Amino acid sequence: MPDVLIVGAGPVGTLLAAELARHGVEAALWDRRTAAGGGTRAIGLHAPVLAALEAGGATERILERAVKVRRGEARGGGTLLGVVRFDRLQQRHPYVATLPQPETEAALAVGAPAPVRGMAVSGIQVDGERLRVRATHDDSTLETTAPLVVVAGGAGARGLVFRPGMPRGGEYPDRYLMSDATVPPRDDAAVAVVHLDERGVLESFPLPDGRRRFVAWDTGGAAGVDDDDAARLARLRAALAARGEHEGAAAITAAASFRVRRVVAPHLRRGRLFAIGDTAHEVSPIGGQGMNLGLLDAAGLAPLLARWVREGAAPEPELAAWERDRVRSAGRAALLASANTGLGRPVGAAAHAVRSRAMRLALAAGGTLFARAYAMGFDAAG
């Protein structure tokens, strides 16, 4: 029987397992998926996360391959609206590190137990000072117990912790297209670019090996719009070409579509049961902070669980402070993501002109405020 059972072997659950192992705690890692992959495809790691992962060595492994994005630019109509200077932040890591999620997960997994895959957890019940966990595996039902259980299985695992319909949230009306592609060398290869125009936002982020991630607001949710693979690819190519990203338009070969939701749970703990990552809070990826929130949940929780196991008693004040800080941080990230999502919507010509002027003024006057906001400088761990 493990000291801690973790449900979900994505980046958040994997980090927690690795950190618990580093603290001498026996943890088991279960995942319903039969193979790694799928789910979110986050690429950006912010300064507080990079600092939190240093002790376990994951930061060094991530930075061996990641692109250090020190500058972001907002552009509109082919002109520069303003600059966000991450390199002016007073942080140990004054940049955003971009890396494909599978490589991030590999860096986090060093030292973690191998996940047991195909374990579909269907229920968690209190049994004295243990939790009884029921799952199916290869068409068989099994049960195990553990003193502590952490659910990090994303939105699909929310029902293991919360009552049906809780925590409340909502889906944004927006829809986006996304693609990664290798592009020819360019002068702004290490610059994150956000194009804002009347047709909505288009983001262009650097990745290792000369690749870039393109994300565009999409009309695909509208009635009467074709939504097959070819139609999505054609729409993303048109969006890229319209913003001057002609090489990207020529390079992409497919386009994925996604919607965004907002959920922030007011509590992350019920006795010996915890919810972290997207299970507890889901924010729009347009804010670029979802995976980072979960990683900070795990990095902060691991030493507290290790202390609980070692001393045989819950460190209640510290756990309460952790929960309070993480809920507060998730709320701030959700607000920023909502603002970014609204800012990236299509508008009329007059509104776009006003928005562009406002962006110029705000970015010119804001100093490092925008860099701090986008780099999670307002997180409790920041």
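Two strands pair if DSSP finds at least two bridges between them. The views below come from a predicted model.

**View 1. Strands β9 and β10 pair in the antiparallel sense.** Seven bridges hold this pairing of β9 with β10.

**View 2. β10 and β11 form a hairpin.** Strand β10 covers residues 130-137, and strand β11 covers residues 140-146. The two run antiparallel and are joined by seven bridges. Thr136 has Thr141 as its bridge partner in β11. Two residues lie between the strands of the hairpin. Look for Asp138 here: its phi is positive, near 55°.

**View 3. Three strands make an open antiparallel sheet.** The order is β9-β10-β11. Strand β9 (120-127) and strand β11 stand at the edges. Each has a single partner strand, so one side of each is left without a neighbour in the sheet. Neighbouring strands of this sheet are turned by 20° against each other on average, direction ignored.

**View 4. Six strands make an open sheet with mixed pairing.** Read the order as β8-β2-β1-β12-β19-β18. The edge strands are β8 (116-117) and β18 (269-270), and each pairs on one side only. Strand β2 (residues 27-31) pairs with β8 in the parallel sense, over two bridges. Trp30 has Val116 in β8 as its bridge partner.

**View 5. Helix α7 packs with helix α8.** Helix α8 covers residues 316-343. The axes of α7 and α8 lie 11 Å apart, at an angle of about 175°. Angles over 145 degrees count as roughly antiparallel. The two helices are therefore roughly antiparallel to each other.

**View 6. Side by side, α7 and α8 meet through these residues.** From α7 come Leu293, Leu296, Asp297, Gly300, Leu301, Leu304, Arg307 and Trp308. From α8 come Glu318, Leu319, Trp322, Arg326, Ser329, Ala330 and Ala333. The residues of this contact divide into nine nonpolar, two polar and four charged.

Terms used: Residues are numbered from 1 along each chain as its sequence is written. This is a predicted model: local features need pLDDT of at least 70, side-chain atom pairs count only at pLDDT 80 or more; totals for chains, interfaces and linings use all residues. Side-chain values use heavy atoms; hydrogens and water are left out. Helices (H or I, at least four residues) and strands (E, at least two) are DSSP runs, numbered from the N terminus. Axes are lines fitted to C-alpha atoms, for helices over the stretch in contact, and angles run from 0 to 180 degrees between N-to-C directions. Angles under 35 degrees count as roughly parallel, over 145 as roughly antiparallel, 65 to 115 as roughly perpendicular and the rest as oblique. Contact means heavy atoms within 4.5 Å. Ala, Val, Leu, Ile, Met, Phe, Trp, Tyr, Cys and Pro count as nonpolar, Asp, Glu, Lys and Arg as charged, and the others, Gly among them, as polar.
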